[in-house]
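I opened this entry to record what I looked up in the model, beginning with the whole chain and going on to single residues.

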Amino acid sequence: MNGFVLAGGRSTRMGRDKALLQYNGRPLVEHAVYLLGEAGLEPHIVGTRADLATYAPVIEDMHPDCGPLGGMEAALAATSSEWNVFLPVDLPLLPVIFLRYLKERVDITAAAVTIPSFAGRPQPLCAVYSRSLLGGIRSAIAAGDYKVMRAVETAASAREVDIFGVEAVTASSDWPVQLPLYRWVQNVNTPADFARLGSLIL
């Protein structure tokens, strides 16, 4: 199973390249690649960033003006795996054990779309997608519809879409994770977001 770091954003709200922001002694992009590798995935980076190739192979975003959906299209076009895990570059507090759980869940459900939901809010950029969605995603982009949730649900068609509540899963598990769940999906979009990360170490 392949893993893809979505690193194609322009970091406009951050004011500087957030992929290279230092978190606990290493750039966010390196941290994301590490998380995927520790979860047993073959890591890649998606974006128009040849300079990030020192961290993992880079797959060029074919439609860089389409938001994350363009990166997902590029990844699914290049992947050799049926199922593929996506992770935003700015989600450093997500624990490895959760990425491993995503893999295990797909092994059981074989769903074309697997999306975790926190506090009732789906997280479609931290999810698992079948490469069979590629045609539908391309159709959405061609139609100018760049909404990830709508695109993947439509692309899945009759195949199963698995959207699950993380709270219920963690309540019935014994995962050794100390951070509260809301911090798992704490994006780093602005300087204030980055400051809130502090020096937390997973």
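I am working from a predicted model, in which local features need pLDDT of at least 70 and side-chain atom pairs count only at pLDDT 80 or more, while totals for chains, interfaces and linings use all residues. Residues are numbered from 1 along each chain as its sequence is written, and side-chain values use heavy atoms, with hydrogens and water left out.

I looked up the secondary structure and found eight helices and ten strands, taken as DSSP runs (H or I of at least four residues for helices, E of at least two for strands) and numbered from the N terminus. Of the 202 residues, 51% are buried, meaning under 20% relative accessible area with a 1.4 Å probe, protein chains only.

I then checked helix α2, residues 68-78, and found eight of its eleven residues buried, among them M72 and E73.

Next I turned to D90, which sits in the loop between β6 (83-88) and α3 (96-109). D90 is buried, at 5% relative accessible area, and its side chain makes a polar contact of 2.9 Å with that of K18 (a pair of N or O atoms within 3.5 Å, one able to donate a hydrogen and the other to accept it; residues adjacent in sequence count only if both atoms are side-chain atoms).

How values were computed
Buried < 20%, exposed > 50% of the residue type's maximum accessible area, 1.4 Å probe, protein only.
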